[in-house]
Amino acid sequence: MSDRPLLDAGNYSLQYGASESGSNNLNDTPILPYVVEQSRPAVEKRLLRKLDLRVAFLVLIYIVNYMDRSNAAAARLRGFEEDLNMKGNQFNTLISILYVGYVLMQAPSNIFLDRMKRPSLYLSSCMAIWGAITLFTGTVRTYHAALILRFLLGFVEAAFFPGAVFLLSRWYKRNELGLRTALLTCGSSVSNAFSALVASGILAGLDGTLGFTAWRWLFLVEGTLTIIVAVCAIWILPDFPSTPSVWLSPDEQTLAKRRMEEDAAAGNEDQGKPVEGFSGLSEALMDWRVWWLGVALSFMIASLSFGNFFPTLSATMGYNTTISLLLCAPPWILGTATSFFVARHSDVTGDRFWHITGPLLVGVVGFVIAISTMNTAVRYLSLFFMTQSSVAYVIFLTWVLNTFSQSRSKRAAAVALINSMATFGNIGAPYFWPSSWGPSYVNSYLICILTSAMSIAMCWAFRKHLSRCNEAAEAEEHALGLPKGFRYLL
């Protein structure tokens, strides 16, 4: 297959040599007043500062989101399985079923979100619903009731993460997305650390209060906290730049829209005409790159499956429940700090592939260390290496947003579809960690090494394809005397 059809399949032949002056929709472009244009750096700085403060609230939501989906692992240490009479792989199924709901809802939710004017209201409503589901989980008496609630939890939670990532891509330019995506995604690492601390306090301090066992209090407290945060989010989360915002001045609102149009490589694709039906979804479904990246991310997610069982892995070192949960925090705190540095460096250098590969290889080192010994100190050290691999997920999501940055509707559908396909890794991954493989979990770590290698290989092949596309674009511009146009980040 030649390079040219691949370029056409991605709809990128339109943008070669494209420039703002060549747009067919100049009349639709917001025109900045001369005074504002002259002071644009100061206005842009104010805009980003205001926006970053509101985006920081997305991090809090993601922390709560991750706490609500991962609290079952902590509850397992204090009688969750025994009280609901779980046997065999039923606990693994309870973890897996949540992601079935994710697969079903992510793409439809993002398509719906793209057509909304108030994403803040939509995301906040979904959050309040999943908070109520978490709260009700603390009252269940049977395994099957818990299974149904976990499915519903995933179905509703599915709206948040792809929606939040898409929301970021509607406000930030390509060279700004890496750090902001890292800021959002670090919520999962912070949650893994913070939720362990919260869980240790609840499980140790509330056991037996009002007749409820400790694990029930864990769901009740965290569900209530989620609902409170959801109410606050209605007034704090940003909407789209096209929606009037009371927290932005007219100049800042105009500049926010102008920035996105300047950053779009083919701004005339979506500007000046309404999105017809599900055109973005159909374009994403027909683009082979969406499927390729979805499979690559699925392998990566499978390699990160140790996160769902982190309290269990910590408990293999022989400490009591409270100490085991407290030991979960430091590795994730280090992973969070690393993600900011790596994401910022990735933005500055414009490189994505090596900033994905590096953390995955560090994680592989952790898996190898865990396989090689049962020494307590060394195995705990291996957990620090493992958590570094989660940094790759941050950079991968940014790479997806950069690659599909030309069409707003297609980007929304692509992000949701790739995340949906990646969720298949989460559906199968819980079965990589059966209790019968513990406490060494050698087979589990071997699977993580294999899936990491597969993800790296697919990312390498994708990088080679994008490199060929960039070379073809450069050759075409040189032959036709066109100015430099769009280039993929590698």
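Where is Pro-439 found? Pro-439 sits in the loop between H20 and helix H21 (442-480). Helices here are DSSP runs of H or I with at least four residues, strands are E runs of at least two, and both are numbered from the N terminus. This is a predicted model, in which local features need pLDDT of at least 70 and side-chain atom pairs count only at pLDDT 80 or more, while totals for chains, interfaces and linings use all residues. Residues are numbered from 1 along each chain as its sequence is written, and side-chain values use heavy atoms, with hydrogens and water left out.

**Backbone**

Gly-438 and Pro-439 are joined by a cis peptide bond, with omega about 0°. Most peptide bonds are trans, and most residues other than glycine have a negative phi. Asn-85 has a positive phi, near 55°. Its place is the loop between helix H4 (80-83) and H5. Asn-85 counts as exposed because its relative accessibility is 54%. The cut-offs are under 20% relative accessible area for buried, over 50% for exposed and in between for partly exposed, with a 1.4 Å probe and protein chains only. Leu-210 also has a positive phi, about 55°, although it is not a glycine. Leu-210 is in the loop between H9 and H10. At 70% relative accessibility, Leu-210 is exposed.

**Salt bridges**

How many salt bridges does the structure hold? The structure holds 14. The criterion is a side-chain nitrogen of Lys or Arg within 4 Å of a carboxyl oxygen of Asp or Glu. The table gives three of these pairs.

| Pair | N to O distance |
|---|---|
| Glu-44 and Arg-40 | 3.7 Å |
| Arg-180 and Asp-52 | 3.0 Å |
| Arg-118 and Asp-239 | 3.0 Å |

Take Glu-44 and Arg-40. Both lie in helix H3 (residues 40-75), four residues apart, which is about one turn of the helix.

Next, the side chains of Arg-180 and Asp-52 meet in a salt bridge. This pair links distant parts of the chain, with Arg-180 in helix H9 (residues 174-205) and Asp-52 in helix H3, 128 residues apart. Arg-180 counts as buried because its relative accessibility is 12%. Asp-52, at 23%, is partly exposed.

Last, Arg-118 and Asp-239 form a salt bridge. Arg-118 lies in the loop between helix H5 (90-114) and helix H6 (119-137), and Asp-239 in the loop between helix H10 (214-236) and helix H11 (250-263), so the pair ties together parts that are 121 residues apart in sequence. Arg-118 is partly exposed at 35% relative accessibility. Asp-239 is buried, with a relative accessible area of 9%.

Tyr-99 lies in helix H5. Tyr-99 counts as buried because its relative accessible area is 3%. Tyr-99 and Asn-426 are 327 residues apart in sequence, but their C-alpha atoms are 6.3 Å apart in space.

**Cavities**

Rolling a probe the size of a water molecule over the atoms shows where empty space is left. A cavity is a set of points, on a 1 Å grid over the protein atoms alone, where a 1.4 Å probe fits but cannot get out; lining residues have an atom within 4 Å of a point. Grid points are joined across faces, edges and corners, and a volume is the space filled by probe spheres set on the points. The structure holds six cavities of 30 Å³ or more.

The largest cavity holds about 400 Å³ of space. It is lined by 29 residues, and those nearest its centre are Tyr-62, Tyr-66, Arg-69, Ile-301 and Tyr-393. Elements that give two or more residues to this lining include H3, H5, H9 and helix H16 (329-349). H9 supplies the largest share, five residues. By class, the lining of the largest cavity has 14 nonpolar, 14 polar and one charged. Nonpolar covers Ala, Val, Leu, Ile, Met, Phe, Trp, Tyr, Cys and Pro; charged covers Asp, Glu, Lys and Arg; the others, Gly among them, are polar.

The second largest cavity holds about 150 Å³. Of its 18 lining residues, Ser-70, Asn-192, Ser-195, Ala-196 and Pro-311 are the closest to its centre. H3 gives the most to this lining, with five residues.

Conventions: 1 Å grid on protein atoms, 1.4 Å probe; cavity = no way out; pocket = protein on both sides within 12 Å on 5 of 7 lines; lining within 4 Å.
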